[in-house]
Amino acid sequence: MVSSLNIIEVARVTPSNSDSAESLSLPLTYFDLIYYKLRAVERVIFYRITNVTRPFFDSVIVPNLKTSLSSCLSHYLPLAGKLIWEPLDHKPTIVYSQNDDVSFSVAETNADFSSLSGNEPFPSTELYPLVPALQSSDDSASIVSFQVTLFPNQGFCIGVSAHHAVLDGKTTTMFLKSWAHICKHQDFSLPQDLIPTYDRTVIKSPTDSENKVLNEWRSFTKILAGGKEPANPKSLKLNPSFEIGPDVVRYTLQLTREDIQTLRERLKREVSSSSSSTSSSKELRLSTFVIVYSYVLVCIIRARGGEPHRPVGYAFSVDCRSLMNPPAPNYFGNCIAGCSRMMLTAKMFMGEEGLLAAATMVSDSIEEWDESFAWKIPDFVAYATLPPETQLILVSGSNRFGVYELDFGWGRPDKVMVVSISPGNGISMAEGRDQNGGVEIGLSLKKHEMDSLIDLLHCELRI
């Protein structure tokens with residue numbers, strides 16, 4: 001049965017102190033500009049309440065979420081503002097004015113909650129009605145929007161769409177934790193670790209780096225337009241969400257602490273065997289991220305199969321907050337930089353030592369990272385000119401964000417999903433729900449590839 005969704009209400013929520021708050025503006029930084037043209041980041045958080053009724057949803061859940069959101073926005077005023085690019089400015093700015101607000105939709109669906117929050121593959125198209133649109137035009141763009149959807153007698157979910165030019169994963173998670181804290185405890189103050197820092201001076205980017213990033217975006221846009229100059233270089237209109245076919249499915253791989261340790265021990269054996277036959281003695285970084293990402297990377301490449309010399313690559317983000325002077329753990333905005341390797345070949349990961357090859361590359365990428373990499377201008381032209389068949393595995397999220405701590409007063413989430421990962425190339429990562437050292441990986445692939453991938457993922461654990 002194809003599920004349906006009914007929008008009950010589209011409300012606007014203002015910060016609780018909007019009447020007295022002064023307007024403010026925050027210029028985008030070097031890190032923000034890297035992401036200002038990307039699609040909105042979309043998440044859905046599922047909460048199981050088996051006896052939830054429409055009256056309880058309308059009279060308790062929705063009002064509590066609205067009230068606490070209003071209070072939370074008073075700590076995160078930029079989220080209620082807009083992204084603006086004034087004609088005389090060289091870059092966009094976040095502008096908040098009195099009585100600005102965010103969109104808050106309320107909906108009801110007949111979809112199967114257990115299917116969407118469970119551990120079996122399901123059609124990706126079932127997720128997209130659960131996330132709200134993020135409004136954007138040539139002149140301005142909203143920062144966030146929200147949708148709360150009731151699954152009668154099953155539970156509810158919170159959908160969030162966020163503008164990547166304003167929030168990275170760390171900032172988004174900090175905001176959601178703040179909202180959950182206020183809703184659960186009815187305490188409108190925040191603990192110190194959830195109070196955002198807006199000081200832009202901690203981002204000491206090199207001279208002219210912002211203009212160089214904007215020039216990269218212009219070149220990238222021109223290439224995608226077939227060599228034509230963009231009609232409006234300052235347009236803030238976001239690209240739409242990915243078009244998802246009916247044959248694309250979602251699946252969440254759950255790796256336990258024991259699974260990860262099994263892979264760690266396997267890699268140690270392979271390193272030992274490899275080093276005994278070579279003179280190399282370079283130590284491999286076997287962190288949870290390196291192990292899990294390498295494992296999934298190899299399995300996704302093998303699941304697609306195809307010509308062994310076809311181009312592949314990988315990319316992930318590194319949090320730069322600890323590199324700032326002074327370090328800024330609660331910094332509001334983007335403070336991440338990309339780490340990638342492109343123009344690799346599938347053959348590198350197809351053989352018996354494919355996992356070791358992947359782990360060595362990812363480990364080296366992290367070990368080589370230092371502050372100079374944070375200020376390296378992204379080569380968007382290189383991305384735009386990649387062969388169209390390139391399989392570039394991108395990771396969203398982190399196993400360190402603590403997304404399963406998002407308790408709004410009705411218990412921890414059943415499932416947290418990044419909806420906006422690209423089919424075939426994107427994966428998401430989060431800590432395991434049991435918070436016992438496991439990791440969850442979100443995957444989006446065509447069904448025949450997903451079937452092969454699931455077999456490979458479980459087979460590789462038994463080697």
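The model is predicted, so local features need pLDDT of at least 70 and side-chain atom pairs count only at pLDDT 80 or more, while totals for chains, interfaces and linings use all residues. Residues are numbered from 1 along each chain as its sequence is written, and side-chain values use heavy atoms, with hydrogens and water left out.

Let's start with helix 5, residues 209–224. Helices here are DSSP runs of H or I with at least four residues, numbered from the N terminus. With 16 residues at 1.5 Å a residue, helix 5 should span 22 Å, and the 23 Å between its end C-alpha atoms agrees with that; the expected span is 1.5 Å times one less than the number of residues.

Which residues of helix 5 are buried? They are Ser-209, Glu-210, Val-213, Leu-214, Glu-216, Trp-217 and Phe-220, where buried means under 20% relative accessible area with a 1.4 Å probe, protein chains only. Because they cover an arc of only 150 degrees around the axis, they sit on the same side of helix 5; the arc is that of the directions from the helix axis to the C-beta atoms. Their cover includes helix 1 (30–34) and helix 11 (380–384), going by contacts, meaning heavy atoms within 4.5 Å. After helix 5 comes Gly-226, with a positive phi near 75 degrees.

Now the cysteines. Counting pairs of cysteine sulfur atoms within 2.5 Å as disulfides, the total is 0. Cys-72 is buried at 0% relative accessible area, and its sulfur lies 10 Å from the closest cysteine sulfur, in Cys-183, too far for a bond. Cys-320 is also buried, at 0%; its closest cysteine sulfur, in Cys-335, is 5.5 Å away, again too far for a bond.

Key: Helix = DSSP H or I, 4+ residues; strand = E, 2+ residues; numbered from the N terminus. Buried < 20%, exposed > 50% of the residue type's maximum accessible area, 1.4 Å probe, protein only.
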